[in-house]
Amino acid sequence: MKNNADSEFRSEIVKNRRNFLKKLAVFAGSSGVLASMPWWSPLRAEPPGSSALDRVRLGIIGVGSRGRKLMLHLMETPGVEVAAVCDDYEPHYNRALDLTDGKAKAFKDYRKLLEMNDLDGVVIATPLFEHARMCIDSLDAGKHVFCEKSLAYDFAECANVVKAYRKSGKVFQIGYQRLYSIPFLKAKGYVDSGTIGKITQIRAYWHRNNDWRRSIPRPELEKKINWRLYRKYSCGLMTELASHHLQVVNWVLNAHPISVVGYGSINHWKDGRELYDSVNVVYKYPEGVNVIYDSMISNRRYGFEIQIMGSEGTIEGEKGKIYSEHPPTPPAIVQLINELERDILDSVPIGGPSWAPDLELDYKGKLLAPGWSGEETAIQLTAFAAAIRESRPIPGMMKHAYDGGVAALMGQFAMEQGREITWPQVEGLQI
Amino acid sequence: MKDLNIVIKGRRIKLEITIIAFCLLFALLVNLYAIVRFDSPWSEIVTSLHYVVAVGVFTYLVIGLLRFILQLIKLLLNRVKKPSSE
């Protein structure tokens with residue numbers, strides 16, 4: 001049972017979030033934002049009132065780690081009611097039911113959840129191989145859909161989701177949080193205004209140092225719990241991590257990849273998994289821009305980053321920083337002090353290395369959005385609920401879902417098949 | 001508790017103000033030299049004033065430390081001299 005302190009805490013969060021939404025509505029209403037990020041348009045609406053008409057009733061399909069996080073966010077989002085939960089794994093099912101104090105209806109089969117007439121939409125946070133089927137069934141059942149990334153398991157499934165979406169006229173949202181990040185919005189602005197010159201290369205990486213496993217209570221649950229490691233259920237690092245950065249690349253370059261080549265291997269976690277623990281791919285984009293992406297789970301020194309490199313500057317999206325190719329020189333007195341410091345503290349080299357001028361520039365750059373505290377998921381879910389309330393599809397969202405999802409799959413297929421994979425042409429597909 | 005009365009004489013205040021003024025002047029000259037040396041805009045005479053103050057205060061503190069050490073040495077020498085004169 002929840003205690004009073006818990007409910008007071010939650011109401012405080014809701015109050016704060018309501019104030020946050022008011023500010024967001026003003027920000028989202030500005031023409032600059034809507035021109036470059038039309039998917040922010042639902043956020044222009046005033047925060048919802050407390051009447052039943054303003055309430056959006058949602059069902060969560062898949063309440064594992066990500067689904068649970070989304071559920072907690074939704075429970076704090078004004079005007080949203082988590083009316084149903086669904087999971088076919090008993091511990092997750094029970095945990096989700098507990099979180100709603102038993103108020104939500106609980107299901108083990110998502111098709112039963114879709115039969116609820118008073119449900120406005122669903123949030124799908126299941127393994128990749130189930131995304132397409134669940135999205136299509138939900139849209140066909142007249143539900144609005146929020147689906148976690150990546151869109152689907154293969155090219156045909158991605159196209160089928162798009163077709164079902166077009167037919168339904170419902171709201172569709174994909175779990176690419178960077179679409180709702182202020183630093184990334186600013187980054188896109190700097191790219192479009194030419195501040196960092198012509199984009200010549202983008203480099204992105206996502207490094208961790210863990211086996212990517214979850215503990216299993218019984219051996220027969222291995223593939224159910226650790227589905228990310230098995231090919232039948234997932235495309236591993238490409239769809240679970242790379243997909244995020246590939247979406248940013250498509251957005252920044254206003255294009256999708258032409259083709260991709262790459263190598264992948266299982267070079268560290270040789271524990272029976274089927275999907276690579278190390279991936280290296282190079283995507284070819286229009287105008288000679290190459291995108292180099294790598295991911296590994298055996299070293300976390302460099303963490304994750306997306307480096308957008310132009311002739312006049314660089315943007316590091318995850319750090320939220322911009323660096324000029326011509327950093328401003330510090331005031332003369334500071335230069336003099338730095339010189340004295342170097343003379344006193346530095347060792348005397350016998351002969352300086354010839355590559356010294358090519359060492360990384362010692363320049364800390366500028367923050368893209370000072371004070372940004374990272375509320376992407378909250379903003380994204382708020383936009384989803386607002387779009388449902390308006391009953392108007394989110395502009396540009398399906399294109400990001402499709403382009404990002406297909407790009408991630410291309411990388412996986414290129415590594416598996418050991419050949420260049422080109423962008424799939426699907427006749428008559430309108431995104 | 002016993003009261004501790006510290007008396008700072010006018011002469012001492014005058015001396016400290018003179019030293020700090022010299023430190024600030026020194027910092028200003030350093031800035032001028034740096035502007036010429038690094039071919040920076042003359043506007044930095046004004047825009048770098050906060051650095052000038054910082055360098056001035058730093059110099060004053062360094063001089064203060066040196067003066068303290070000198071006083072300490074002086075005191076020790078006096079103590080060493082005293083017993084031999086008794």
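**Cavity, sheets and a salt bridge**

Mentor: The largest cavity holds about 80 Å³ of space. Keep in mind that this is a predicted model.

Trainee: How many cavities of 30 Å³ or more does the search find?
Mentor: One, over the whole structure.

Trainee: Which elements give two or more residues to the lining of the largest cavity?
Mentor: Helix 1 (4-28) and helix 12 (376-390) of chain A. The lining residues include A:Leu21, A:Leu24, A:Ala25, A:Thr382, A:Ala386 and A:Arg389. A:Pro42, A:Leu43, A:Pro47 and A:Pro48 are also among them.

Trainee: And how do the lining residues divide into nonpolar, polar and charged?
Mentor: Nine are nonpolar, one is polar and two are charged.

Trainee: Back to helix 12 of chain A. Which strands does it lie across?
Mentor: Strand 1 (56-61), strand 2, strand 4 (121-124), strand 5 (144-147) and strand 6, in chain A. Helix 12 runs at about 170° to strand 5 of chain A.

Trainee: What is the strand order in the six-stranded open sheet?
Mentor: The order is 3-2-1-4-5-6 in chain A, with parallel pairing. Strand 3 (105-107) and strand 6 (172-174) are the edge strands, and each pairs on one side only. From one strand to the next, the twist averages 20°.

Trainee: How many bridges join strand 2 to strand 3 of chain A?
Mentor: Three, and the two strands run parallel. A:Ala84 stands opposite A:Lys105 of strand 3 there.

Trainee: Switching topic. How many salt bridges are there over all chains?
Mentor: The count comes to 24. One to look at joins the side chains of A:Asp88 and A:Lys224, at 2.9 Å from N to O.

Trainee: Why pick that pair, and what does it tie together?
Mentor: A:Asp88 lies in the loop between strand 2 and helix 4 (90-99), and A:Lys224 lies in helix 9 (residues 222-225), so the pair ties together parts of chain A that are 136 residues apart in sequence.

Trainee: Now strand 10 of chain A. Does strand 9 run parallel or antiparallel to it?
Mentor: Antiparallel, with seven bridges joining strand 9 (residues 278-284) to strand 10. A:Val282 has A:Ile292 as its bridge partner in strand 10. The two strands form a hairpin with five residues between them. In the turn, A:Glu287 has a positive phi of about 60°.

Trainee: What about strand 7 and strand 10 of chain A: parallel or antiparallel?
Mentor: Parallel, over seven bridges between strand 7 (residues 199-207) and strand 10 (residues 290-296). A:Gln201 has A:Asn290 as its bridge partner in strand 10.

Technical notes: Residues are numbered from 1 along each chain as its sequence is written. Chains are lettered from A and ligands numbered from 1 in the order in which they are written. This is a predicted model: local features need pLDDT of at least 70, side-chain atom pairs count only at pLDDT 80 or more; totals for chains, interfaces and linings use all residues. Side-chain values use heavy atoms; hydrogens and water are left out. On a 1 Å grid over the protein atoms alone, a cavity is a set of points where a 1.4 Å probe fits but cannot get out, and a pocket is an open set with protein on both sides within 12 Å along at least five of seven lines; lining residues have an atom within 4 Å of a point. Grid points are joined across faces, edges and corners, and a volume is the space filled by probe spheres set on the points. Helices (H or I, at least four residues) and strands (E, at least two) are DSSP runs, numbered from the N terminus. Ala, Val, Leu, Ile, Met, Phe, Trp, Tyr, Cys and Pro count as nonpolar, Asp, Glu, Lys and Arg as charged, and the others, Gly among them, as polar. Two strands pair if DSSP finds at least two bridges between them. Axes are lines fitted to C-alpha atoms, for helices over the stretch in contact, and angles run from 0 to 180 degrees between N-to-C directions. Contact means heavy atoms within 4.5 Å. A salt bridge is a side-chain nitrogen of Lys or Arg within 4 Å of a carboxyl oxygen of Asp or Glu.
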